[in-house]
Each structure stands twice: as C-alpha cells, then as structure tokens.
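Dear colleague,

Please find below the structure that I am handing over to you. My findings follow directly after it.

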Number of protein chains: 2
Amino acid sequence: MKKIVTIGGGTGSFTLLSGLKNYNVDLTAIVSMADDGGSTGRLRDELGVLPPGDVRQCLVALSDSSEKLRELMNYRFPAQGGSALDGENNGLGGHNFGNLLLSALEKINGSFTEGIKEAARILNIKGMVVPVSEQEMNLAIKLRNDKVIIGEQYLDHNKDIRKYGVDRVFLRPKIKANPLALEKIKKADVVILGPGDHYGSIIPNLLVQGVAKAICNSRALVVYNCNLTNKKGQTEGFDVDKYAQEMNKYLGRDRIDFVVFPMNRPSKKLIVKYEKKEGKNSIVKFTKNTGIKRSYRVVLANITNRKEIKKNKNDLIANTRSFIRHDSKKLAKTMMLLSERKEYRRMIKEIV
Amino acid sequence: MKKIVTIGGGTGSFTLLSGLKNYNVDLTAIVSMADDGGSTGRLRDELGVLPPGDVRQCLVALSDSSEKLRELMNYRFPAQGGSALDGENNGLGGHNFGNLLLSALEKINGSFTEGIKEAARILNIKGMVVPVSEQEMNLAIKLRNDKVIIGEQYLDHNKDIRKYGVDRVFLRPKIKANPLALEKIKKADVVILGPGDHYGSIIPNLLVQGVAKAICNSRALVVYNCNLTNKKGQTEGFDVDKYAQEMNKYLGRDRIDFVVFPMNRPSKKLIVKYEKKEGKNSIVKFTKNTGIKRSYRVVLANITNRKEIKKNKNDLIANTRSFIRHDSKKLAKTMMLLSERKEYRRMIKEIV
C-alpha cells in the first residue's frame with residue numbers, strides 16, 4: 001500500500017484528503033500549527049492548547065462516520081448577537097465544536113497527539129492526522145520594509161502587509177518537529193505539498209526544524225499543488241514557476257519532482273468576479289516556455305471545480321474557500337496517477 | 001424484559017442508572033429540565049437551549065463506551081484563573097464538554113430529544129434518556145413568607161429560603177410533558193422516583209402537566225427512593241413518612257407502593273461530620289411505629305455506600321455528591337428485587 005504524506009493545513013488539506021481517502025492508500029496528514037486566529041486563536045490563548053482548527057478539518061475529511069457527526073465537528077456556536085462570525089464574541093459564541101473537542105481531548109490526554117488519536121477513534125478516520133510540532137508555533141512575518149509582524153492571523157488582514165509586501169516568514173522561536181511527522185516523511189512513497197495558503201498553511205510546516213531536511217532526504221516522490229490565486233502583499237504577481245521556486249527555497253534545495261497546475265483557465269465569468277475583488281492578475285498564470293530550465297516538471301491536469309459555488313451559511317468550509325478552487329475527486333485522481341507513475345501521460349493533459 | 005422508568009435528574013439518577021444498566025431491562029431515564037445554574041444555566045441563557053447537565057449525567061451512566069469517552073463527557077474547561085469552579089468565568093471556563101455536545105446537537109438537530117438520540121448513539125448507551133418536557137422549564141419556589149423565587153439554582157444558596165423555608169414549588173408558566181415521557185410511563189412495569197434532590201430534581205418532573213397523572217394511572221409498581229439527608233429551609237426536619245407524603249401530594253394521590261430507605265444508620269463518624277456542616281437532625285430518620293396507617297410499604301434495605309469518599313478534583317461527580325449516599329450496585333439490586341416481587345422478603349432486610 002502506497003504511503004502518502006500530505007503537508008498543509010486548512011481547507012486545502014480538507015479538499016485533498018476528502019478525495020484521497022477513497023483510495024486504498026496509507027494516508028498521513030501533517031498539519032501546520034501556525035493558526036492563531038478565530039476560535040482556534042482564542043483556545044490557544046484561553047486554554048494554552050495547540051491550535052485545533054486545521055487538525056479538525058483534516059479529521060473531518062478523513063472521517064468515515066455519519067454526516068451528522070461531521071456536521072457536529074464543524075458546528076459553530078452562534079455569537080450572542082445571532083451571527084456566527086469568528087471571534088466576534090468572547091463567550092462560547094464563535095467557537096467551533098470540533099475545536100472544543102480537540103482541546104478537551106488534549107487536556108484530558110496531556111498531549112495533543114494523543115488527543116488527536118482519541119478523536120480519530122471517535123470519528124473513525126482513515127489514516128492519521130499528525131501535528132507538525134507539539135510545541136507552540138508562532139509565525140513571524142518579515143515585511144519588505146524590515147518590520148516583523150508575529151501572528152499567522154495577520155497575514156490576510158494587515159495594511160502594512162498589503163502595502164509593503166512579505167519578504168519572508170520564519171518561526172520565532174524555532175521549534176522542533178513532532179518525531180512522528182519526521183518518521184512518516186522518511187517512510188513516505190509520496191509527499192504532497194498543498195494545496196493551501198502559501199505563507200499561512202504550507203510553508204509554516206517547512207519552517208519547523210527537521211521537516212524540510214526530512215523531505216529532501218526522503219526517497220519519496222515530491223508533488224507540489226501550486227496555488228490557483230495570488231494574495232495581495234503576499235504572493236502578488238507570482239506565477240507557477242515563482243511558487244515552485246519559493247517552495248524549493250524553503251525546502252532548502254530543488255527537491256520538488258512535480259508541480260501540479262490546472263490545464264484550464266477559470267471561466268471568464270469567474271476571472272472577472274475574482275479580479276474585481278482581488279485585483280488584476282490575481283489569478284496564477286503558467287508560461288510554458290520561459291527559456292529557463294526547470295528542476296521540476298509541471299503537470300497540467302484537470303483538477304479544478306468548474307462549477308460556481310454559492311456561499312452558504314450552513315457550509316462554513318465552502319464559505320472560507322475561494323470560489324476558484326481545486327476539485328476534491330479530480331485532484332485526488334491526479335495525485336494517484338502521479339503516485340503510480342504509470343499511464344499518467346495519457347490521463348494527465350500535459351507534462352511540461 | 002421489564003420496562004423500568006426512572007424519574008429524577010442529577011447525581012441521584014446517575015447512581016441509580018449506573019447500577020441498573022447492568023441488568024437485562026428496558027430502561028428509560030426521565031430527566032428534569034429545571035436546572036438553571038452553572039454551565040447549564042449559562043447555556044440556557046446564551047444559546048437558548050434546554051438544560052443539558054442532568055441529561056449528560058444520565059447518558060454517561062448508561063454509556064457502554066470507553067472510560068475515555070466518559071471522562072470527556074464530564075470534562076470541565078478550566079476557568080482562566082485556573083480553577084474549575086462552576087460559573088466563575090464567562091468565557092469557555094467552567095463549561096462542561098458534555099453539556100456543549102448536547103447543546104450543539106440540539107442546535108443541529110433542531111430538537112433536544114433528537115439531539116439526545118444522536119448523543120446516545122455516539123456514547124453507545126443502554127436504554128433511553130428522555131427530557132420530561134421540551135419546553136423551557138422555570139421552577140418557582142414559594143416561601144412560607146409568601147415570597148416567590150424563580151430559579152432552581154437558588155434552592156441551595158438563598159438566605160430567604162434558609163430563613164423562611166419552602167412552602168411549595170410550582171412551574172411558571174405551566175408546561176406540557178414530552179409525549180415520549182408519558183408513553184414510557186404508561187407502558188412501564190416499574191416507575192422509580194429518585195434518588196435525587198427533593199425540590200430540585202424529583203418534584204419538578206411531577207409538576208409538568210400530565211406526568212403525575214400518567215404515573216397515577218399507570219399499572220406500574222411505583223417505588224420511591226427516599227432522601228438520606230435533609231436540607232435547611234427545604235426539607236428541614238423531614239422523616240421518611242414526611243418525604244413519602246410530600247411525594248404523594250405532588251403525585252395527586254397516594255400512589256407510591258414502596259418507599260426504600262437504608263436499613264442501617266450512617267456511621268457515627270459520618271453523622272458527626274455531616275451534622276457539623278448541615279446542622280442537627282439533618283440526617284433523615286425512620287420511625288417504625290408512628291401509629292398512623294401507611295398507604296405504602298417501607299422497605300429497609302442495604303443500599304448505602306459505607307465507605308467514606310475523599311473529595312477528588314478529577315471526579316466532579318464525587319465532589320457534588322453528599323458523602324452520605326446510595327451505593328449504585330446495592331440500590332440497583334434492591335430495585336430489581338422489588339421489580340421481580342419475588343423473594344424480596346428474604347433478600348431485603350425488612351418491609352414495614
């Protein structure tokens with residue numbers, strides 16, 4: 001059975017894992033612990049626990065339990081005013097039930113990893129969810145004006161970041177990897193980076209001591225699911241090659257084997273809608289012939305969801321996802337084809 | 001299979017059900033919805049849900065799941081100051097995880113009864129837990145000075161109650177019974193009242209429209225587990241007969257068949273300890289020959305826990321229980337003997 005390790009966090013991992021769990025593979029989801037906003041941030045502050053939000057999403061993705069139990073995990077207690085916006089309330093409001101479950105289990109078991117194992121049993125999950133570190137993780141964001149901002153939560157909502165742009169991110173202080181995460185990477189047949197927020201979800205994993213090195217030294221096939229859209233002040237103007245180069249930079253050497261990117265541009269309607277919100281050129285482009293020799297191969301595949309998804313107050317995951325996004329089944333199928341290394345030339349549109 | 005319905009709430013029901021679940025019986029726990037203090041009270045206020053605390057205790061008692069899952073249900077989030085005292089915090093602190101589970105399930109399922117069914121599946125419970133009503137329940141406490149206090153939470157902590165004493169309790173407004181509770185009572189072979197707090201747990205059930213009448217009209221054997229200790233201002237100076245008469249008064253007629261009471265007085269050490277805290281004569285007495293003809297039979301049986309239990313911050317149920325209390329196994333055995341109506345004369349010490 002192929003050993004597949006995914007590295008990420010948030011809704012990107014949710015999408016990928018929801019698809020991969022339907023294959024007969026040995027799955028491990030390594031999850032960033034950098035999240036410090038919303039319900040998760042309040043739990044970190046109030047209870048001194050590790051951030052449960054990303055782990056919860058991965059557990060739900062891998063769960064084989066009833067729809068009701070999955071709905072329960074994602075249930076968010078309403079703020080007293082009635083809405084369910086994150087962080088609007090300092091009582092129970094805005095807290096996510098699954099986050100509370102993971103925090104309670106961490107407290108009872110005395111370790112986040114043990115707590116997750118217990119949750120995995122309750123949710124009957126396929127595979128394993130492993131926090132990248134069991135130490136407190138604080139993302140430091142260095143801007144191009146040399147200012148340093150601490151806190152993953154500020155990435156998307158900070159004026160200075162939007163104005164000056166991110167130079168690089170690092171962890172302050174440095175923290176050690178969860179030994180289980182390193183072991184799983186070491187034994188992996190395939191390591192999949194992303195999809196996920198570039199600075200918010202994927203890179204924080206690579207910043208944890210030992211992780212990038214373990215990936216570089218492993219014999220695994222390393223696949224990178226490139227982002228579909230750019231973020232102002234963060235990945236502004238990035239194209240596929242820039243993303244891949246950045247990822248290799250944080251890995252420490254040119255380790256990526258395949259970069260996976262959609263073979264089709266989003267519909268004109270979606271592009272207009274998206275650029276209206278995020279600015280011109282906010283949709284990632286790929287240029288086949290750049291004249292520069294690539295250390296990786298770019299796989300163009302049918303991996304996006306072409307349907308427009310309406311926002312839905314009962315589907316919080318849909319709400320937090322960009323409407324230009326990966327399709328769970330198509331993405332998983334492409335990952336499996338790459339993993340098997342067979343026939344992918346026929347199945348996948350194009351490999352550059 | 002004997003159909004046994006227990007009526008109560010709180011730790012008394014927990015004790016009884018923990019014992020009864022080991023017998024091959026069809027168990028239904030009907031639970032009061034009067035609780036409005038602590039974590040439960042805050043959930044009622046903040047989320048507009050029905051009170052989960054008593055239901056949670058019954059679910060845990062009947063659960064066949066792992067010790068870990070039971071521990072999780074009773075886990076209380078620490079107050080930010082560090083202690084786990086009820087209601088000390090208006091954030092997450094003091095909230096009980098199981099209460100949050102039940103409240104989230106009520107919200108998701110749109111009904112408390114449906115939410116409980118879902119929790120029962122998760123916890124793999126034996127039998128059924130049925131809230132006595134699905135309407136909001138407010139206990140009104142009329143004092144002997146005619147003052148009326150609204151709120152079950154005030155019973156144990158109100159100066160006026162301790163000074164003037166409770167005349168009677170009622171519900172304001174009147175509320176209708178859960179049809180499922182009435183159906184279960186109608187079909188019961190045995191209805192067991194208590195053990196539990198007199199005005200706080202048992203009687204509130206009888207105040208719900210239809211419940212007392214259903215018990216009176218049922219063909220069930222009606223057993224009443226009399227309280228072991230009195231409460232100042234509430235049941236001050238009550239003896240076994242006074243408790244039974246009160247219970248029959250709230251039932252509407254002399255319906256109780258058996259009143260069960262310990263055959264042994266607590267140890268002198270326990271009596272001294274208890275009376276030091278609660279005052280002289282705070283331990284319930286039974287007088288065999290009062291000269292008055294009883295409408296019920298008093299069963300004196302070996303039903304108490306003779307061991308002294310140390311308070312334990314990890315065992316919140318032990319902490320909230322009086323240290324003069326019923327023994328789960330012994331109590332259940334006595335209930336079963338009475339249910340079977342056979343050989344109980346030999347097994348039970350004495351029937352008056």
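K232(B) is partly exposed in this predicted model, its relative accessible area being 34%. The side chain of K232(B) joins that of E236(B) in a salt bridge, with 3.6 Å from N to O. E236(B) is likewise classed as partly exposed, since its relative accessible area is 47%.

A second salt bridge in chain B links E118(B) and R121(B), at 2.9 Å from N to O. These two residues belong to helix α6 (residues 112–122) of chain B, where they stand three residues apart, about one turn of the helix. Are the two partners buried or exposed? E118(B) counts as buried because its relative accessibility is 8%, whereas R121(B), at 57%, counts as exposed.

D146(B) and K142(B) form a further salt bridge, in which the closest N and O atoms are 3.1 Å apart. Here D146(B) is exposed, with a relative accessible area of 55%. K142(B) has a relative accessibility of 19% and therefore counts as buried, the limit being under 20%. In chain A, K142(A), D146(A) and D167(A) are connected in a network of salt bridges. Over all chains, the count comes to 30 salt bridges.

How many salt bridges are there between chain A and chain B? The count between these two chains is zero. On the side of chain A that touches chain B, α2 (38–47), α4 (67–74), α5 (97–109) and α6 (112–123) of chain A each contribute at least two residues. Of the elements on that side, α5(A) gives the most, with nine residues. By residue class, the side of chain A that touches chain B consists of 15 nonpolar, eight polar and five charged residues.

The extent of the interface can be stated as follows. Contacts involve 28 residues of chain A and 28 residues of chain B. Together the two chains bury about 2,400 Å², and 76% of this area lies on carbon and sulfur atoms. For the accessible surface of chain A, which amounts to about 15,300 Å², the share belonging to carbon and sulfur atoms is 46%.

As to the fold of chain A, there are 15 helices and eleven strands. Chain A has 352 residues, 60% of which are buried. When contacts in chain A between residues at least 6 apart in sequence are considered, 71% of them join residues at least 24 apart.

Two individual positions may also be of interest to you. Why does D241(B) count as buried? The reason is its relative accessibility of 7%, as the class requires a value under 20%. The side chain of D241(B) makes a polar contact of 2.6 Å with the side chain of Y296(B). Beyond its neighbours within four places in sequence, D241(B) is in contact with F286(B), T287(B), T290(B), R294(B) and Y296(B).

The other position is T334(A), which is placed in helix α14 (residues 328–340) of chain A. T334(A) is buried, with a relative accessible area of 5%. T334(A) and V55(A) are 279 residues apart along the chain, and 24 Å separates their C-alpha atoms.

With kind regards

Key
Residues numbered from 1 in each chain as written. Chains lettered and ligands numbered in written order. Predicted model: local features only at pLDDT ≥ 70, side-chain atom pairs only at ≥ 80, totals over all residues. Heavy atoms only, no water. Contact = heavy atoms within 4.5 Å. Buried area = accessible area lost by both parts, 1.4 Å probe. Salt bridge = Lys/Arg side-chain N within 4 Å of Asp/Glu carboxyl O. Helix = DSSP H or I, 4+ residues; strand = E, 2+ residues; numbered from the N terminus. Nonpolar A, V, L, I, M, F, W, Y, C, P; charged D, E, K, R; others polar. Buried < 20%, exposed > 50% of the residue type's maximum accessible area, 1.4 Å probe, protein only. Areas by Shrake-Rupley, 256 points an atom, 1.4 Å probe, with all protein chains shown as cover. Polar contact = N/O pair within 3.5 Å; in protein donor to acceptor, adjacent residues only side chain to side chain.
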